[in-house]
Amino acid sequence: MPVIEPISPSSGERGREPRSRVGLAIDYLKAHRRPASIALLAAAIVGTATALLLPSTYTARASFYSEGKQAGDLSSMSALGPLAGLLSMAGTSLGGNQSGFFVDLLKSQAFFDTLAVSPIPVSTNGKLVLVRDFVVKKASSEGDRSWKARIALRKMIDVSAQPSGVVVVRVDAKSPVAAAAMANRAVDVIDNLNLRFRREQAASRRKFTQDFLADVEARLSASEDRLQDFLLSNRSLISMRSSQSPVLQRQEERLRGETTRLTSLKEQLESTIENARLTEFNDAPVVARVDRAPVPEKRSGPPRTLIALGSILLAATLIFWVAFIKARRVESW
């Protein structure tokens with residue numbers, strides 16, 4: 001019976017191995033070298049032009065720290081002991097994270113609205129322009145301009161607190177002069193707002209204390225009347241020795257103690273009212289500058305080289321992905 005031998009592949013067929021998809025994609029790019037090069041060159045031109053057309057931004061930084069509450073306020077509040085808790089409910093703060101308070105204040109609507117209507121220089125010629133007119137070029141109404149200015153300022157201003165308690169205000173703007181002016185003006189606005197809040201708290205504390213003082217005075221007057229009536233009605237018995245009238249002696253001590261306590265409380269409240277009045281008319285700054293923002297000499301953005309290289313890399317990735325998909329379809333055929 002004849003034996004059938006297997007047919008061995010030719011040498012050309014043995015040398016031809018299946019190519020990977022990546023290899024097929026490379027072959028496709030080689031076959032379409034010209035359109036791939038044109039697409040990559042166009043992406044490089046578009047990316048570079050975009051990077052060059054983006055406006056330059058400049059960063060200015062100003063820093064400050066809080067001087068805290070005045071010693072007079074703290075000493076008068078500590079002297080009241082448990083009463084300090086009641087006064088704190090009326091608007092008095094006995095401590096807390098000052099830097100965190102300023103960071104939150106720099107993100108408040110009151111701060112942005114006050115800064116938006118502040119005039120600042122925007123060029124070297126010293127021309128003054130309102131902040132909202134500088135950051136918002138077009139608006140349908142004043143309300144729309146204020147709303148847009150608030151949004152723009154939130155993006156332009158960054159606030160951070162250092163572990164030491166120093167608060168750093170960073171402003172990014174298209175004008176170096178405007179960036180420095182806005183950073184310095186932001187510190188002034190914070191000082192004015194904090195001064196206003198301090199006066200409002202002092203007025204609220206004074207009003208609360210005055211109302212409480214009126215109640216204490218009424219109780220003190222009633223206590224003095226009770227003590228006087230007791231002394232008048234028991235004059236003959238009190239003149240006797242204490243061993244003969246222990247009940248009357250204890251009652252007299254209780255009435256005198258109540259009168260003494262209310263008298264001391266009245267004096268403390270009167271002192272607190274005077275300190276609150278001083279705080280209301282105190283114009284001393286509550287923040288101290290660490291660094292004023294100088295006019296930046298170099299731009300901080302945008303990263304034009306990175307944008308151009310990124311556009312080229314993105315275009316190359318897309319071209320290779322298209323070649324990979326095309327080569328896969330060719331292989332399936």
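R150 and D113 join their side chains in a salt bridge, with N and O 2.9 Å apart. The term covers a side-chain nitrogen of Lys or Arg within 4 Å of a carboxyl oxygen of Asp or Glu. R150 sits in helix 9 (residues 142-156) and D113 in helix 7 (residues 109-116), so this pair ties together parts that are 37 residues apart in sequence. Helices (H or I, at least four residues) and strands (E, at least two) are DSSP runs, numbered from the N terminus.

A word on the ground rules: this is a predicted model, where local features need pLDDT of at least 70 and side-chain atom pairs count only at pLDDT 80 or more, while totals for chains, interfaces and linings use all residues. Residues are numbered from 1 along each chain as its sequence is written, and side-chain values use heavy atoms, with hydrogens and water left out.

**Charged pairs**

By the salt-bridge rule, the count comes to eleven. Here are three of them, including the one above:

| Salt bridge | N to O distance |
|---|---|
| R150 and D113 | 2.9 Å |
| R196 and E200 | 3.8 Å |
| K207 and D211 | 3.5 Å |

R196 and E200 are four residues apart in helix 10 (residues 176-233), and so are separated by about one helical turn. Both count as partly exposed, R196 at 41% relative accessibility and E200 at 45%. K207 and D211 also lie in helix 10, four residues apart, about one turn of the helix. K207 is exposed, with a relative accessible area of 53%, whereas D211 counts as partly exposed at 47%.

**Aromatic rings**

What about rings? The count comes to two aromatic pairs. One of them is F208 and F212, which is stacked: 6.4 Å centre to centre, with 15° between the planes. Rings of Phe, Tyr and Trp (its six-membered ring) pair if their centres lie within 6.5 Å; planes under 30 degrees apart count as stacked, over 60 as edge-to-face and the rest as tilted. F208 and F212 are four residues apart in helix 10, so about one helical turn separates them. F208 is partly exposed, with a relative accessible area of 30%.

**The sheet and its helices**

Four of them make an open sheet in the order 4-5-1-6, with antiparallel pairing. Which strands stand at the edges? Strand 4 (157-161) and strand 6 (287-291) do, each with a single partner strand, so one side of each is left without a neighbour in the sheet. Neighbouring strands are turned by 25° against each other on average, direction ignored.

Strand 4 and strand 5 (residues 167-173) pair in the antiparallel sense over five bridges; two strands count as paired if DSSP finds at least two bridges between them. Within this pairing, V159 has V169 in strand 5 as its bridge partner.

Helix 6 (residues 98-105) packs on the sheet and touches strand 1 (58-66), strand 4, strand 5 and strand 6, where contact means heavy atoms within 4.5 Å. The direction of helix 6 makes about 170° with that of strand 4. Axes are lines fitted to C-alpha atoms, for helices over the stretch in contact, and angles run from 0 to 180 degrees between N-to-C directions. Helix 9 packs on the sheet too, touching strand 4 and strand 5, and its direction makes about 50° with that of strand 4.

Conventions. Buried means under 20% relative accessible area, exposed over 50%, partly exposed in between (1.4 Å probe, protein chains only).
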